[in-house]
Amino acid sequence: MTAIGRLSQRLVLERPVAVGDGAGGRVETFAALGEVWAEIVPAGAAEREIAGRLDGVASHRIAVRHRGDVRGGMRFVAADGRVFRILATFDADGRRRRLVCVAEEEGR
């Protein structure tokens, strides 16, 4: 379990929102749900072929106080501009105290 003192990174939790683009289509953007304190632990790195070229992908485990509204497809944004796309979430000890999010860092 993550000790409360390790939740030292302030992140903004965002959810995807589809909005009209003015031409009859839709564009996905993100809306902030609020700020959370988190512990970010690097979990690994890999190369993936994206659009015909190799690209590095860094994965992380991000622990926050338990929330019932966090889902895959949402993201965290750090004050320094780093963006972490949430892939999956789980309650590490089954006691609804901490939520662990498996995330990939975008754009690095």
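Is Arg6 buried or exposed, and what is its relative accessible area? In this predicted model, Arg6 is exposed, with a relative accessible area of 53%. The value lies above the cut-off, since a residue counts as exposed over 50%.

**The chain as a whole**

The secondary structure of the protein chain consists of six strands and zero helices, and the order along the sequence reads β-β-β-β-β-β. The C-alpha trace spans about 50 × 30 × 25 Å along its principal axes. Of the 108 residues in the protein chain, 27% are buried. Contacts between residues at least 6 apart in sequence include a share of 48% that join residues at least 24 apart. The chain exposes about 6,800 Å², and carbon and sulfur atoms supply 48% of that area.

**Charged side chains**

The protein chain carries 18 positive and 15 negative side chains. The centres of these two sets lie 7 Å apart. Side chains of opposite charge can pair when their charged atoms come close. In this model the count comes to nine salt bridges. The table lists some of them, with the separation of nitrogen and oxygen.

| Salt bridge | N to O distance |
|---|---|
| Glu39 and Arg6 | 3.9 Å |
| Arg67 and Asp69 | 2.8 Å |
| Asp93 and Arg97 | 2.8 Å |

**The pair Glu39 and Arg6**

The side chains of Glu39 and Arg6 meet in a salt bridge at 3.9 Å, N to O. A salt bridge requires a nitrogen within 4 Å of a carboxyl oxygen, so the pair counts as one. Glu39 belongs to strand β2 (residues 26–50), whereas Arg6 is in the segment before β1 (9–20), so the pair ties together parts that are 33 residues apart in sequence. Glu39 is buried, with a relative accessible area of 15%, while Arg6 is exposed at 53%.

In the salt bridge between Arg67 and Asp69, Arg67 is partly exposed, with a relative accessible area of 24%.

Asp93 forms a salt bridge with Arg97. Asp93 is partly exposed, with a relative accessible area of 31%, and Arg97 is partly exposed at 34%.

Note on methods: Residues are numbered from 1 along each chain as its sequence is written. This is a predicted model: local features need pLDDT of at least 70, side-chain atom pairs count only at pLDDT 80 or more; totals for chains, interfaces and linings use all residues. Side-chain values use heavy atoms; hydrogens and water are left out. Helices (H or I, at least four residues) and strands (E, at least two) are DSSP runs, numbered from the N terminus. Buried means under 20% relative accessible area, exposed over 50%, partly exposed in between (1.4 Å probe, protein chains only). Contact means heavy atoms within 4.5 Å. Accessible areas come from the Shrake-Rupley method with a 1.4 Å probe; for residues, only the protein chains shown count as cover. Lys and Arg count as positive and Asp and Glu as negative; His and the chain ends are not counted. The place of a charge is taken as NZ of Lys, CZ of Arg, CG of Asp or CD of Glu.
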